[in-house]
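Thank you all for coming.

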Amino acid sequence: MVRESGAILEARDLCLRFAAVEALRSVSLTVEAGSVHALIGPNGAGKSSLLNCLSGFYRPYSGSVLFKGADISGLSPPERARGGIGRTFQGIQTYPSMTVRENILTGFHPRMKGGVFHALFRTPASIRQEEEFATKAEEIIDFLELEEVRHSPVGGLSYGLRKQVDLGRALALSPSILIMDEPMAGMSPEEKGDLARYVLDIRDRFGIPVVLVEHDMDVVMDISDRVTVLEFGAVIADGTPAEVAADPRVIAAYLGGDEETLAEGAA
Ligand SMILES: Nc1ncnc2c1ncn2[C@@H]1O[C@H](COP(=O)(O)OP(=O)(O)O)[C@@H](O)[C@H]1O
Ligand SMILES: [Mg+2]
């Protein structure tokens, strides 16, 4: 697939405050179409706050968010989701007693047309739509290699598999961009490797750009096209993984002077 270029999602001068905490101080971010964009920085730096401003859960007191060139600052989270901004959350958001397939099908709910009337009386249109969603769910199950567990309740699966189901649910919306907050936290190295591969596949096969927060520098260096570094609510560096890894402010701030680790990651 040919990778598109140009900004798909932009934050401009976002400022966000919680009581005395200045969570974001004039933060700008440009996510290019067809890219994997990593957000890194110490705990409390404002990474989740920034993602929440992009998806509409937090409202900055100044600044704007642009999606495909249009100002979406006034849109609610569901409006942004329907418009194509998909996301997964920190931790697990799946329904434990439902199967893998059922969980992925819940991802289609925001796209359902017709509401209760169609659902109750099973109109031809609602049946067609159900079939379309069922087919799409199977494609997602194939893509994420969840065939063997498709009918298993999600509650009995490993943490890594549950995160994959969560990802499957986000993909059901056919997003134009996918935002992931620490998708690899709590995963084994093997699970991280799998997820890293899916992230790259999502970019390359579906052309969906991915913005993710990740702490594992090896993973960040491996899969990102671009990295933005936050500290105390401000952007302190932005560039390719190699550029960011060589930035003295990043080395000092993020790694407490441990130059070795970052250089290794970039190699
Ligand atoms: N809902 C909230 N209420 C109050 N303070 C918050 C809230 N969300 C984040 N903060 C504060 O904003 C700062 C940035 O937090 P966060 O964006 O979660 O950082 P990160 O994801 O980089 O660890 C922290 O000081 C945090 O305590
Ligand atoms: Mg966070």
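I will go through the surroundings of the ligand and then the sheet.

Please keep in mind that this is a predicted model, in which local features need pLDDT of at least 70 and side-chain atom pairs count only at pLDDT 80 or more, while totals for chains, interfaces and linings use all residues. Residues are numbered from 1 along each chain as its sequence is written, chains are lettered from A and ligands numbered from 1 in the order in which they are written, and side-chain values use heavy atoms, with hydrogens and water left out.

The residues around ligand 1 (those with a heavy atom within 4 Å of it) include Phe18, Pro42, Lys47 and Tyr58. Among the polar contacts, meaning pairs of N or O atoms within 3.5 Å, a polar backbone atom of Gly44 is 2.7 Å from an oxygen atom of ligand 1, and a polar backbone atom of Gly46 is 3.0 Å from an oxygen atom of the ligand. Tyr58 instead uses a polar side-chain atom, which lies 3.1 Å from a nitrogen atom of ligand 1.

Turning to the sheet, whose strands are DSSP runs of E with at least two residues and pair if DSSP finds at least two bridges between them, we have four strands in an open, antiparallel arrangement, ordered β2-β1-β4-β5. Because β2 and β5 stand at the edges with a single partner strand each, one side of each is left without a neighbour in the sheet. Further in, β1 and β4 pair in the antiparallel sense over five bridges, and Ala11 has Val65 in β4 as its bridge partner.

Note on methods
Polar contact = N/O pair within 3.5 Å; in protein donor to acceptor, adjacent residues only side chain to side chain.
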